[in-house]
Structure formats: C-alpha cells, structure tokens
Amino acid sequence: MCGIMGYIGRKDGYPMVIDGLKKLEYRGYDSAGVAIMNGTLSLYKKQGKVNQLEQYIHNQKTNGNIALGHTRWATHGVPNDSNAHPHTSESGRIVMVHNGIIENYGALKSFLVTKGFTFQSDTDSEVLVQYIEWYQITYKLTLKEAVRRALGDVDGSYAIVVLDSLNPDSVIVAKQDNPLVLGIGVDEIYIASDASPISTYTQEVIYLQDGDCAQLFDDGTYTIFDLENNTVEPSITTVKCSNDNYSLEEYDSYMLKEIFQQPESVKACISPRIDLDNYEIVIPEIDNHKRIFANANKITIIGCGTSWHAGLIGEYLIESLADTCVEVEYASEFRYRSPIIRENDIVIAISQSGETADTLAALKLANEKGAFTYSLVNTEGSTIARHSDAVSYLSVGIEIGVASTKAFTAQVSLLTMIALKIARIKGTMETKEYKSIVSQLSELPTLIKKTLETNSMMHEVASCHYEKDHAMFLGRGANFPVALEGALKLKEISYIHAEGYPAAEMKHGPIALIDEKMPVFVVATNTSALSKMISNVQEIKSRKGQVIVLKEEGQDFPEEIADHIISIPQTHEVLSPILSSIPLQLYSYHAAKMRGCNVDQPRNLAKSVTVE
Ligand code: F6R
C-alpha cells in the first residue's frame, strides 16, 4: 500500500510533501520519510505517523526544490526506522520511494549479494533501488535507462519515484498496478498516489497508466515513455480543487465525526437521486443503460470488507424488489476461481476508496469477460471509477477514519435506490409499495438523526462489556450483513474478537460459545423475522448469554429476556439495515475508546488496501 508524495520545481518542496503525506496517511501509517535535494541529499525517516516525522524534522534543514515523501504500510519487514522509505542505493547516490511489492525481490537480492551489494533493510523496495544502481554502474547508464532496464526484470507491482542525487535536475517515475498521478503546475510537477493532495496546487493531472514511466524536470517539463522507450502521449485530466474538510470540529476522532455526519452524508447521496414529485429514482448511469439492466441475467457484486457487507444487503434488496439474480463475491476470491460471467451479466464493484487492489483486479477480470461493469465509489477519479463502464459516486465527502461508517450507509442507500430503479424498469413492484419505499427513503436523514440519539445508551452498553474479549452479532435476512458489519467494526478498532452469524445458524455450532461472559447483539429490527428472533434470544438467555437487542420503536418484544433493549425509529423493512447499523458503529467506537484504542488509525490497518 503506502502513500507517495513528491515535488520537483523551483519552490521548496518539503511543506507540500509533508502536507500531502498527511492526506495520504489513509494508505498506511506505520512509518514515514522524506528525501530533500538541495545540493546535497537530506534524508529523514522514522517509525510512526507523519506528525512524528514532522516533529523529528523540526529545526532541521528542509529547503530544497526536489522532495520525495512516503508513508508506509509494512509488507516486507517490520515497521521501523530502517525499513521506512526513502531507500538509498549502495553508494547512497540513488534514492527511491516505492508503493507496491517486488515479488521476485529474493532472486534479485541473491544476485546483488554476489555482486557485493549490502542491505540496510528487510524490504523488497531497497532491493529495487540497489538493482537500479547495479544497472547504472555496470552499463554506465543514465538514471532513466537504468530504471527502465531494471523494471524490465521486475515481477510485481510498483509506483516509484527515483532520484539520482548526482544529477538532480530530474526524477524518474514509473507505475505498474499501483496508482501514480502527476500534477502539472507552472514550472513545477507534483507526484502523488492520488489526486487529492495535488489538487490544492494544480487541477491539471495525468493519471499514469500501467507500464508508463516519466522523466520530470525541475523546469516543469516532462516526457512519458514505456518500458520499451516508446514515447507515450500524455492525457491531461482536469480535477476539482479538493474542498475536503480535515477539521475534527467538536469531535475527538474522525470516526465519531463521520458517524454523526450520516444524516447529511446520506442526504448528499440520496437527495439528488430522488424526484419526489414524480416518485422517480434518478440514476443516469442506469437510465443510460436501461436495456442492460432490464435484461441482465445476473448481477455479481464484488467488494471487500465493509463494502462486501453493503453488497450482501444489496443482494437481498435487488433480488426481492427487482427479481434479478444476484451473487456477492469477495473481490479477493473472485479472480482465483473461474467465475462464470456471461453476456448480459452486470458486475457491480463497491469501494469507498476506489483503489482497493483486490476489487480493481476483480473488476479488470469482469471487463475482460465482457460484463457491463458498474462501480459505486466515493473517491472521484479513483482507479476503480476509471476502469468501469459506469460509475455512481457516493458523494459523502472524504472518509478519514479507517473504519468505514458514513460510506457504508451511503453504499446501502445507493443499492436500495438501484434496486428500486431496476424494479421500476422491469415493473416488478406494485406501484403503491414502490411509492411507499421511495417516500420513506427520503425520510432517511431525519430517521438517522433520531437513531444517533442511541449514542448515550450505546455508551452505557459499552461500559458494561468493553472488557470482554469476545462478542457475537446475530441477524436474519438483510440484518445478517448488519451483524457481520457490527462484528467487523468492533474487531478492527477495539481488537475484541467478534463474530457475526445468521441468527438461525447459531444452533449449528456457535451456541457452544455462549456463557455469561459473551455479549450477544441481536439485530431484530425486521418485523417479518421477529418471532423467530425472539426464540433465538430465548436460546441465548437459557445459556446465560448477555443479550443486547436492537429493535424498532413500537415492536412488541418481551423485555424480560434481554439485558439491554435499544429502540430505533420505525421504517420500511428494506431500509432498516441502514438504521440498525448505526448503534453498532457507536458501540464499537465507545468500546474501543474505553479500551484506550486509536479508533481512527487502528493497528495493522490502512484505509486503502492497495496490495493484493
Ligand atoms: C472496514 C473497512 C474495510 C474496507 C475494505 C474495502 O471498516 O473500511 O473493510 O471496507 O478495505 O475498502 P474499499 O471500500 O475502499 O474498497
């Protein structure tokens, strides 16, 4: 994974690079570093987050018109100072930042050892910079030629920025299976893993394509070429200046802020897509391809983690409302089977970041197999968006907390609208029922606001259970993925082991885990499954489990069998997963805080998982 930010031009690059690294920390935050060129090379790198690097550099020399920065998510080698990027070659002359994995680094390293090279780190990246130097020395090559030749021998993925400190009038960049964006300014060029840190300075960007390399000069000129040294014509895209709000406002974390933003974020996602006067759902991406959606044999939804959970809810919605067969696949598994994708199939890729490597690889396979590909992403201009036949944006603004919250509720809202839209095109719903759901959908922001009033209750429940090392989440129907999502949220930010199950499956094994130390969250907001859920709760209570029930206001629930009852606003059953996920987000947040965890940047994780 990792984030790259670089600058070459006339100004001092460091302030832009450190600011950019903070915006790219979603890609990894276990160590960070910068290299600055000002006659000589200054190199600073440190285990920890970007602000720790910034403190470390404070009062040091930071002026220089070339700066390369990196924030790391460890793949090869533990997070420590020496494994942090930038890495340098044996002579110290060549310096490089890398995002990706050099898969044949073992063979290259063994070769270099026979040539007398020594290594300071355990990383695959250091092997590449050393290998570039080997080419440069052995064949007396320019940096450009040495990079090009070295990359020809590499298996794996990379986005790299390389500088020869003895010829500091240019840098070489290259990209394969990891994103790299150039920002073209006046007499200057920015380099970054995505366009967001660049767009503050220039809106003219070039998204490098796989196999592209470029030489960027300090007067702002550049050439793009491929590994065979053929010239590549640049394709310049204009992006919007980022107006992302990085302020925490009154919140102690981005996660809490994003949970409380959900009335507005869901509104931003749904309002432009509902024409209440005519009860129409307006999704041009579907309207423009009506025939494809009307005649689809099958829709396959792909995604990872929370986005996969949203896809599971989408399956319930699209099958029940639009009578279309849906399969939901882990993107990471999809391409390692022989997925059956036929003509007239649609593949929907769901991704908050739009950069998840597994989802991107699955999407590319779907494209190769001839499916119509449709992506639901949050980040505009992201790689997944650019590789799809059609894209609908969540429009919830930047999500910074690693645990996805507002993106999830927007994904489910959008999938609900997609299900309604396809149902309308195919005529699979009674008009009365359709209008009732559309009208209740428009009420969602208000209902979410009311649901957030469960915050103090969830704090209280967390204070009873935060010290327990396990938790179970149960649901039926579309609330089963809500249970999975509740469990994922809890484990990723509080490090409590948690499992999500379909409630009826409990008796087939997991019930053996129930005792007085096991909090069990029962998502029982779907009235059609209520009586069965009550029986499941009785089974847990008989085994002394601690039961926390999530139900709808007005639902008749035997209070005596639950330890806590959380009531959320009543709505149509197809919309209830959006509301029922919110108290579970709040529970995870409170439990994690009580355990002293960093809810925004949990250990071992990154917001955008750009390695397979
Ligand atoms: C969990 C979480 C992850 C992501 C997953 C996919 O809170 O955020 O499970 O959902 O890594 O990421 P995107 O949606 O960016 O493809």
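**Exercise 1. Determine how the lining of the largest cavity divides by class.**

Solution. The lining has three nonpolar, seven polar and two charged residues; here Ala, Val, Leu, Ile, Met, Phe, Trp, Tyr, Cys and Pro count as nonpolar, Asp, Glu, Lys and Arg as charged, and the others, Gly among them, as polar. The model is predicted: local features need pLDDT of at least 70 and side-chain atom pairs pLDDT 80 or more, while totals for chains, interfaces and linings use all residues. Residues are numbered from 1 along each chain as its sequence is written, and side-chain values use heavy atoms, without hydrogens and water.

The lining residues include Met1, Trp73, His98 and Asp124. Elements that contribute two or more residues to this lining are β6 (94–102) and α4 (124–139); helices (H or I, at least four residues) and strands (E, at least two) are DSSP runs, numbered from the N terminus. The volume of the largest cavity is about 70 Å³. On a 1 Å grid over the protein atoms alone, a cavity is a set of points where a 1.4 Å probe fits but cannot get out, a pocket is an open set with protein on both sides within 12 Å along at least five of seven lines, and lining residues have an atom within 4 Å of a point. Grid points are joined across faces, edges and corners, and a volume is the space filled by probe spheres set on the points.

**Exercise 2. Explain why the second largest pocket lies between two domains.**

Solution. Domain 2 (246–442) and domain 3 (453–599) both supply lining residues, so the pocket lies between them; the bounds come from an automatic or database domain assignment. The pocket holds about 490 Å³ of space. Of its 24 lining residues, Cys304, Gly305, Ala606, Lys607 and Val609 are the closest to the centre. By class, nine are nonpolar, ten polar and five charged.

**Exercise 3. State whether histidine 564 is buried or exposed, and describe its surroundings.**

Solution. Histidine 564 belongs to strand β26 (residues 564–568). Its relative accessibility is 12%, so histidine 564 counts as buried (under 20% relative accessible area; exposed is over 50%, partly exposed in between; 1.4 Å probe, protein chains only). Beyond neighbours within four places in sequence, histidine 564 contacts Val461, Cys464, His465, Val547, Ile548 and Val549 (heavy atoms within 4.5 Å). Phenylalanine 521, 43 residues away in sequence, lies 9.4 Å from histidine 564, C-alpha to C-alpha.
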